[in-house]
Amino acid sequence: MQQSYAFEDLNIGLAAEIGRTVTEADIVLFAGVTGDTNPAHLNQQYAEGTLFKGRIAHGMLSAGLVSAVLGTRLPGPGTIYLSQSLKFRAPVRPGDTVVARVEVTSLDPAKKKVTLSTTCRVGDTVVLEGEAVVLAPARS
């Protein structure tokens with residue numbers, strides 16, 4: 001269900017999340033759409049020789065789930081993404097369920113800007129963290 005908050009309805013601490021299990025199809029389609037065909041994502045034999053000892057999903061695939069939360073849940077439809085910082089903390093593997101969460105950390109009423117902490121987890125492991133700044137739709 002799509003939810004939408006006007007800037008005036010937001011408060012510090014308000015949070016929302018989305019979860020998705022990363023499939024083989026997600027990884028292949030993401031590689032096709034972006035052109036990122038790094039063999040660490042697509043070739044098991046190659047990936048076994050890397051630091052991760054196996055294939056991993058694209059980091060930006062998890063980051064895309066943050067965008068999904070912002071655009072569909074909090075603030076929701078009409079949100080304009082201004083910036084995002086990202087730190088990739090751990091790999092995501094095919095079959096992992098990633099939960100992306102955003103939480104309002106500051107509000108700028110003059111500019112209708114919202115700052116949110118952003119995290120993605122697989123179970124208890126943080127795989128991505130950062131901060132987003134967006135423009136929220138306003139009633140006035």
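This is a predicted model: local features need pLDDT of at least 70, side-chain atom pairs count only at pLDDT 80 or more; totals for chains, interfaces and linings use all residues.
**The chain as a whole**

- You'll find four helices and five strands in the chain; these are DSSP runs numbered from the N terminus, with helices being H or I of at least four residues and strands E of at least two.
- Starting at the N terminus, the order is β-α-α-α-α-β-β-β-β.
- Along the principal axes, the C-alpha atoms fill a box of roughly 55 × 25 × 25 Å.
- Of the 140 residues, 36% count as buried (buried is under 20% relative accessible area, exposed is over 50%, and partly exposed is in between, with a 1.4 Å probe and protein chains only).
- The accessible surface is about 7500 Å², and carbon and sulfur atoms own 54% of that (Shrake-Rupley method, 1.4 Å probe; for residues, only the protein chains shown count as cover).
- Take the contacts between residues at least 6 apart in sequence: 68% of them join residues at least 24 apart (a contact means heavy atoms within 4.5 Å).

**How the strands line up**

- Strand E1 (residues 15-21) runs antiparallel to strand E3 (residues 97-108), and seven bridges join the two (strands pair if DSSP finds at least two bridges between them).
- E3 also pairs with strand E4 (residues 113-122), again in the antiparallel sense, over nine bridges.
- Val99 is a handy landmark in E3: Gly19 has Val99 as its bridge partner, and Val99 also stands opposite Arg121 in E4.
- E3 and E4 make a hairpin with four residues between them, and Lys112 in the turn has a positive phi of about 60°.
- Thr119 sits in E4 and counts as buried because its relative accessibility is 17%.
- Setting aside neighbours within four places in sequence, Thr119 touches Val99, Ala100, Arg101, Leu128 and Glu129.

- In helix H1 (residues 24-34), the buried residues are Asp26, Ile27, Phe30 and Ala31.
- Looking down the axis of H1, these buried residues fall within an arc of 130°, so they line one face of the helix (the arc is that of the directions from the helix axis to the C-beta atoms).
- The cover over the buried residues of H1 includes E1, helix H2 (39-42) and helix H4 (59-72).
- Val28, Leu29, Gly32 and Val33 are exposed, on the face of H1 turned away from its buried side.
- Just past H1 comes Gly35, with a positive phi of about 85°.

**Pro75 in its loop**

- Pro75 lies in the loop between H4 and strand E2 (80-88), and counts as buried because its relative accessibility is 0%.
- Leaving out neighbours within four places in sequence, the contacts of Pro75 are Gln3, Ser4, Tyr5, Leu10, Leu70, Val134, Ala136 and Pro137.
- Pro75 and Leu10 are 65 residues apart in sequence, yet 7.8 Å apart in space from C-alpha to C-alpha.

Notes
Residues are numbered from 1 along each chain as its sequence is written. Side-chain values use heavy atoms; hydrogens and water are left out.
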